[in-house]
Amino acid sequence: MTLDPVHVDSIADLAAYLARQVDDSDHVDVAARIWSEFLDPLYGPDGRVVIEPVDERRLRAADAEDAALAPAPFETTHGLDSGTINPTTFKNGLVVDVAQAAMAAVPSDLDLHRHRSIVAATHVNDGTVPLDEPWRKLDEGYCRWRVMNVPRVNRYAEGIVHALALYLAESAHALEHAESVSDLLILDGPLYPVELLNWRDRDAELRELAEELKPRSVVENYVRLVESFVEREVPLCGFVKNPASKRIVGTLRDRDDGIDIPWTDDAAFFTRLLERRREAPDASGPADAANHGREGRRTDEVTFTNWFVSRGGVDAAVAADGDAYGVERRLDPELYETCFFAIYEPQTDVLYRVETPRAFASDPEVREALTRQFVGEVAARRGPPEAVAKADELARIGAGEKSSLRRKFEDALDSDEVKRYDELRWGDFE
């Protein structure tokens, strides 16, 4: 049964009521104050520097059309992504997720695109079942796969198999094909495996799991990946399409400086900071509506920040004074630190975060080249860079494929999947 008109009208009245009660007219001023007074640098409650500019702190804007048409600083780009079938529990007690990773090249390299790294992460309560397997190859060597049994836990089994399968496939594939990248590699997502790094800040069971060899070995892959690219002087970046970090807003709340923080995460803060509005029309005539989006938002320029060093939240682990999850770092620890800048695309009203190791961000020429590369691609595509979009397409496992793979598991295991009503209702099962 759908909503009747009276229900729609009631919801509209509710929205109007909320609009009268919630006044965000001063949020622009709050964002401007945070930008001007707290980020150069931002200190945590303990006096530790959480965020600081790599270079001069400033807000920048580029004409969207000019940026889109400007020559790209990097002749070739590569993107890397991994996709999964999602965690699946079977009636025999097995919990499994399967991830495949792929690397894309711009211009296209069909031979590279054919390569895949596939990981099945499994959780079984029977500790006597040996499921760990080394890499095995098929498809004339273009595809390799392995099975990894994750440490036994009482809770979080589905989340753990998902994270380990995803990050192991991605990091192993990146290391395997690192030499194919000559100019720039862009990971689809953060520079480091944030879900694994988050485990140490969760409850006791996940903190204990974080000390296990397997999650640490996956983190080590990312550390070695950074070292490989730093030593070859080839930039490595992460393109975060849905940034959800709370490094800035969380730190400001913890400090309790008397400033009211209205946003739930840093992306909302940067969006408010970077969004530009047209000025009210003056007596000479109306404002140019062609360059403005909904409710007066300007859409003619892509806006972005300078680069920052981040040492808060999960970034603390790879900071110079962090322990890198217990992984040995072979280079100066400062070179691994996460640096980022934010890009706001006004046509779609979406904010993105670009990350790179400090080894690259501290070089002014490399830093500016990366800035121009990402601003230009976001302006041209109104979304992620082409290499990221291609990698996403290669690695994605479609809904029909997921259902087919689950049925193959059921047949091979002679055990049905544990089905849940919500999944059945919303069409995950066929």
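This is a predicted model: local features need pLDDT of at least 70, side-chain atom pairs count only at pLDDT 80 or more; totals for chains, interfaces and linings use all residues.

Colleague: How many aromatic pairs does a search of the whole structure find?

Modeller: The search finds eleven aromatic pairs. To classify a pair, one looks at the angle between the ring planes, and an angle over 60 degrees counts as edge-to-face. The planes of Tyr167 and Tyr222 stand at 80 degrees, with ring centres 6.1 Å apart, so this pair is edge-to-face. Tyr167 belongs to helix 5 (residues 157-176) and Tyr222 to helix 8 (residues 213-232), so the pair links distant parts of the chain, 55 residues apart. Both Tyr167 and Tyr222 are buried.

Colleague: Which residues form one aromatic cluster?

Modeller: The cluster consists of Trp35, Trp263, Phe269, Phe270, Phe308 and Phe340. Two of these residues, Phe269 and Phe270, are among the buried residues of helix 10. In helix 10 (residues 266-274), eight of the nine residues are buried. The elements that cover them include helix 2 (27-38), strand 3, helix 9 (247-255), strand 12, strand 14 and strand 15.

Colleague: Where does the charged end of Arg144 sit?

Modeller: A ring may also have a charged group over its face. The charged end of Arg144 sits over the ring of Trp135, 4.0 Å from the ring centre. Likewise, the charged end of Arg202 sits over the ring of Tyr156, at 5.6 Å from its centre.

Colleague: What is the volume of the largest pocket, and which residues are closest to its centre?

Modeller: The largest pocket has a volume of about 650 Å³. Its lining has 34 residues, and the closest to the centre are Leu166, Tyr167, Asp188, Gly189 and Pro190. By class, the lining divides into twelve nonpolar, ten polar and twelve charged residues.

Colleague: Which element gives the most to the lining of the second largest pocket?

Modeller: Helix 12 gives the most, with nine residues. The second largest pocket holds about 340 Å³ of space and is lined by 24 residues. Its lining has 13 nonpolar, five polar and six charged residues.

Colleague: What joins Asp40 and Pro41?

Modeller: Here one reads the omega angle of the backbone. A cis peptide bond joins Asp40 and Pro41, with omega about -5 degrees, and Pro41 lies in the loop between helix 2 and strand 1 (42-43). Another cis peptide bond joins Val106 and Pro107, with omega about 0 degrees.

Colleague: Is Tyr325 buried or exposed?

Modeller: Tyr325 is buried, with a relative accessible area of 2%. Its phi is near 65 degrees, a positive value in a residue other than glycine. Asp414, also not a glycine, has a positive phi of about 55 degrees, but Asp414 counts as exposed at 74% relative accessibility.

Note on methods. Residues are numbered from 1 along each chain as its sequence is written. Side-chain values use heavy atoms; hydrogens and water are left out. Rings of Phe, Tyr and Trp (its six-membered ring) pair if their centres lie within 6.5 Å; planes under 30 degrees apart count as stacked, over 60 as edge-to-face and the rest as tilted. Helices (H or I, at least four residues) and strands (E, at least two) are DSSP runs, numbered from the N terminus. Buried means under 20% relative accessible area, exposed over 50%, partly exposed in between (1.4 Å probe, protein chains only). A charge sits over a ring if NZ of Lys or CZ of Arg is within 6 Å of the ring centre and within 35 degrees of the ring normal. On a 1 Å grid over the protein atoms alone, a cavity is a set of points where a 1.4 Å probe fits but cannot get out, and a pocket is an open set with protein on both sides within 12 Å along at least five of seven lines; lining residues have an atom within 4 Å of a point. Grid points are joined across faces, edges and corners, and a volume is the space filled by probe spheres set on the points. Ala, Val, Leu, Ile, Met, Phe, Trp, Tyr, Cys and Pro count as nonpolar, Asp, Glu, Lys and Arg as charged, and the others, Gly among them, as polar. Contact means heavy atoms within 4.5 Å.
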